[in-house]
Amino acid sequence: MGTLKNAALAACVSVMAISASYSSAASAQELLTETVERPEAAALYWDASAPTEKRVEDLIARMTLEEKIGQMVTIWNDKPKIQDKNNFFAADKAAELYPDGLGFFARPSDLKGPGSPRVNTPRSIEESIRYVNALQRWAREQTRLGIPVLTHEESLHGLAALDATSFPQSIGLASTWDPDLVRSINDYIASEVRARGVHQVLSPVVDIARDPRWGRIEETFGEDPYLVGEMGVAAVEGLRGVGKDPKLKPGQVMPTLKHMTGHGQPESGTNIGPAQISERTLREMFFPPFQEVVERTAIDAVMASYNEIDGIPSHSSSWLLQDILRGEWKFDGTVVSDYYAIEEMVSRHNIAADVPAAAKIALEAGVDVDLPSGISFSTLTEQVKDGSVSMAAIDTAVRRILTMKFNAGLFENPFVDDAAPALRSNGAEGRALARRAAEKSLILLKNDGALPLTLPDTAADAPTIAVIGPNADVARLGGYYGIPRDTVTPLEGIRSLVGDRANIVHAQGVVITEDDDWWEDEVTLGDPAKNREMIAEAVKTAENADTILLFIGDTEQTSREGWAEAHLGDRTSLDLVGEQNELFAALKALGKPIVTVLINGRPPSYLQVAEQSDAILEAWYAGEQQGNAIADALFGQVNPGGKLPVTVARNAGQLPFFYNHKPSARRGYLFDDATPLYPFGFGLSYTSFDMAAPTVSSASIAPGEDVTVNVRVTNSGDMAGDEVVQVYLRDVVSSVTRPVKELVGFERVTLDAGASKTVSVTIDADSFAFWNRDMERVTEPGEFNLMVGPNSQDLKTVKLTITE
């Protein structure tokens with residue numbers, strides 16, 4: 001059919017609007033059919049067969065200044081102003097407040113804007129769908145041009161909404177060292193998000209985390225640029241689809257890459273603090289994950305970071321957002337602000353006298369969208385009228401925004417017309433994937449033979465196992481959490497697995513924080529006197545046990561995003577808070593085998609626990625199925641194979657502490673140790689692995705050539721298990737200082753007992769390049785060491801020469 005006929009047929013669209021009354025998948029078919037008229041129905045921009053660029057230009061030519069500015073703003077805080085008394089979307093109120101349309105809508109699943117979902121219970125799946133459909137119907141019918149709204153949700157480790165699957169926190173996903181698994185998880189997350197009518201998510205985070213005092217370290221994939229880049233690419237490919245096709249496919253969503261950049265090494269470890277980072281370090285460590293995602297995927301949006309670099313806040317840095325992101329890397333999507341970050345150039349950074357001035361600075365630096373409430377960019381209308389801001393700058397931003405919306409298919413169908421997929425959210429498939437992810441994220445840090453635990457064949461010989469600790473009977477999910485249909489605590493998982501083959505006794509031991517809600521501002525540690533009473537009770541509970549399983553670590557309040565002075569989340573100490581060390585010491589005094597399971601969001605710098613535990617299992621925040629996964633690992637149903645994505649420091653005095661340091665670093669200290677508590681890439685197994693001496697496909701290569709490293713890996717133990725082959729590189733002599741080692745490849749392999757496999761890891765030619773004294777990317781001829789092993793410390797070396 002011709003273009004005009006398509007446009008005419010598209011003038012009336014039958015939209016399936018979700019009924020307010022259904023509550024099951026069966027009744028999801030009971031939908032109301034409504035006719036939605038498209039404004040300007042015969043216009044070129046409605047023609048789905050036309051090139052996106054022409055549709056964008058046609059639409060921009062029809063837009064008023066006010067309509068353009070409307071596309072650049074978002075609503076979140078003011079959500080109650082466009083809702084009725086039942087917190088449902090009110091089209092008449094939206095029309096009054098946003099007569100020229102609205103570009104973006106934050107978190108339609110939440111009830112009325114910012115706040116804890118424990119207080120403001122999120123909308124049900126049905127309510128969320130009805131809400132999004134009503135929002136889009138208003139945009140289609142009651143705005144002059146019918147431009148749809150782009151809604152977004154948080155989905156860092158699962159959709160942060162009601163009845164959505166919760167996966168391990170990002171630091172746990174990084175511990176799998178399994179990009180294919182991360183891709184699958186994010187593909188599943190995308191399906192749950194899109195089924196509710198949402199087309200954009202604010203993830204993944206590819207910040208390089210080099211300071212564990214920083215409370216947001218749990219949201220990252222760790223400290224290494226190569227690992228973070230591979231995990232970031234996998235996450236985007238899962239959310240968006242593999243490849244560079246800008247058109248969004250069914251079941252996929254548009255990711256937002258966060259936060260550009262330097263966020264992960266803030267001054268003093270405090271969130272949004274200045275990033276005292278040189279251009280060389282930015283290019284070597286912090287830029288690569290962003291560049292990998294931009295150049296290898298169809299990423300749609302990048303979020304600027306709160307922090308400053310060399311006196312320039314990221315939201316005002318044209319060097320960062322224009323020269324690097326759009327210039328060097330050829331990014332052509334949108335740049336969105338972090339929440340309220342434009343206003344913070346007035347209130348915090350003091351580089352703008354008022355909000356309009358901050359808006360102008362951000363726009364000229366390359367920011368296109370004002371999240372989450374449009375406070376700053378809503379001032380741009382008057383600034384264009386008085387000549388302070390050019391219409392050309394507005395048009396540039398709006399082009400990018402409209403391109404996103406056309407690529408998302410929103411002009412063709414912004415509605416949810418079948419609720420059944422959304423109602424299947426967090427079902428058996430999601431739970432199984434969450435359990436597998438949790439199992440693969442677990443890291444065995446120590447084992448003196450205490451694990452795996454064994455169970456007798458009959459209940460008559462049942463041992464007594466004491467399950468103790470503040471994190472034993474709670475499923476901690478970490479920040480940016482959703483509310484799954486069900487969660488499994490470690491205690492529940494253990495009881496389910498052992499049945500009557502063990503006598504399980506339980507005591508909480510201590511209270512870490514009086515509340516554990518990540519959203520709440522105030523954090524109050526448990527009362528020491530009451531905790532010591534609870535410790536005495538725990539000791540009494542455990543005194544006749546054969547084995548003690550101790551669950552300690554963090555709550556969602558002891559390490560988190562510190563987004564304001566009244567809402568802190570960073571720490572000066574890396575050790576356990578409260579009376580947890582006292583609990584450990586009291587239980588250790590019983591002389592029983594003690595297995596410590598760590599439930600936490602930051603690297604575990606727990607010296608007493610590390611030295612005196614018989615075994616240690618790092619679980620991080622392992623998602624909704626953590627209880628089952630941890631129980632399976634403790635009793636040998638699965639063999640832990642995760643590896644640390646961070647270096648674990650002994651104390652804060654060593655910070656910043658990362659494995660890929662320069663040769664002059666880590667010289668030593670008086671009266672203390674300069675080595676890590678656990679090295680980057682470390683993790684044990686219930687079996688043993690042997691790695692033969694590595695070989696290379698060629699002993700010498702020319703600049704610009706790849707090379708393959710081969711190593712024979714043998715499971716020399718008596719249990720199937722996973723090993724991660726890690727390949728590191730060192731430039732022996734270079735014109736500027738280089739790290740002592742850099743991760744350049746890895747592969748996680750599964751081997752049966754006694755089995756062997758030759759693992760081949762191809763090292764990309766660019767891995768040998770670096771930024772020279774003139775800040776040019778070059779590969780210098782010379783000798784390189786390629787080091788292979790199970791972690792960053794225990795390595796075997798093969799030499800390679802790059803010829804002239």
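This is a predicted model: local features need pLDDT of at least 70, side-chain atom pairs count only at pLDDT 80 or more; totals for chains, interfaces and linings use all residues.

Trainee: Okay. In what order do the strands of the open sheet run?
Mentor: The order is β3-β4-β5-β6. That makes 4 strands, with parallel pairing.

Trainee: Which strands stand at the edges?
Mentor: β3 (74-75) and β6 (200-201). Each has a single partner strand, so one side of each has no neighbour in the sheet.

Trainee: How many bridges join β3 to β4?
Mentor: 2 bridges, and the strands run parallel. β4 covers residues 104-106. Thr74 has Phe104 as its bridge partner in β4.

Trainee: Now Glu153. Where is it?
Mentor: In strand β5, residues 150-153.

Trainee: Is Glu153 buried or exposed?
Mentor: Buried, and without a salt bridge. Arg107 is the nearest side chain of opposite charge, 5.8 Å away. The cut-off for a salt bridge is 4 Å, between a side-chain nitrogen of Lys or Arg and a carboxyl oxygen of Asp or Glu.

Trainee: Then which backbone nitrogen lies 2.8 Å from a polar atom of the Glu153 side chain?
Mentor: That of Ser109.

Trainee: What else does Glu153 touch?
Mentor: Leaving out residues up to four places away in sequence, its contacts include Arg107, Pro108, Leu159, Val198 and Gln200.

Trainee: Switching topic. Which residues have the most contacts inside the largest nonpolar core?
Mentor: Leu59, Met72, Trp138, Phe377, Leu380, Ile394 and Leu402. The core has 133 residues. Helix α8 (residues 225-240) gives the most to this core, with 8 residues.

Trainee: What does Trp138 touch?
Mentor: Beyond four places in sequence, its contacts include Phe89, Tyr98, Leu102 and Val149.

Trainee: And the second core, how many residues?
Mentor: 35, in a separate core. Among them are Ile171, Ala209, Ile535 and Leu677.

Trainee: Last one, α21. How many of its residues are buried?
Mentor: 9 of the 9, residues 626-634, so helix α21 is largely enclosed by the rest of the structure. The buried residues include Asn628 and Asp632.

Trainee: What do the buried residues of α21 pack against?
Mentor: Two helices, α16 (428-441) and α17 (490-498). Also the strands β15 (547-553), β16 (594-599) and β17 (615-618).

Trainee: And what follows α21?
Mentor: Gly636, with a positive phi near 75°.

Key
Residues are numbered from 1 along each chain as its sequence is written. Side-chain values use heavy atoms; hydrogens and water are left out. Buried means under 20% relative accessible area, exposed over 50%, partly exposed in between (1.4 Å probe, protein chains only). Lys and Arg count as positive and Asp and Glu as negative; His and the chain ends are not counted. A polar contact is a pair of N or O atoms within 3.5 Å; within protein, one must be able to donate a hydrogen and the other to accept it, and residues adjacent in sequence count only if both atoms are side-chain atoms. Contact means heavy atoms within 4.5 Å. Two strands pair if DSSP finds at least two bridges between them. A nonpolar core is a set of buried Ala, Val, Leu, Ile, Met, Phe, Trp, Tyr and Cys residues joined through side-chain atoms within 4.5 Å.
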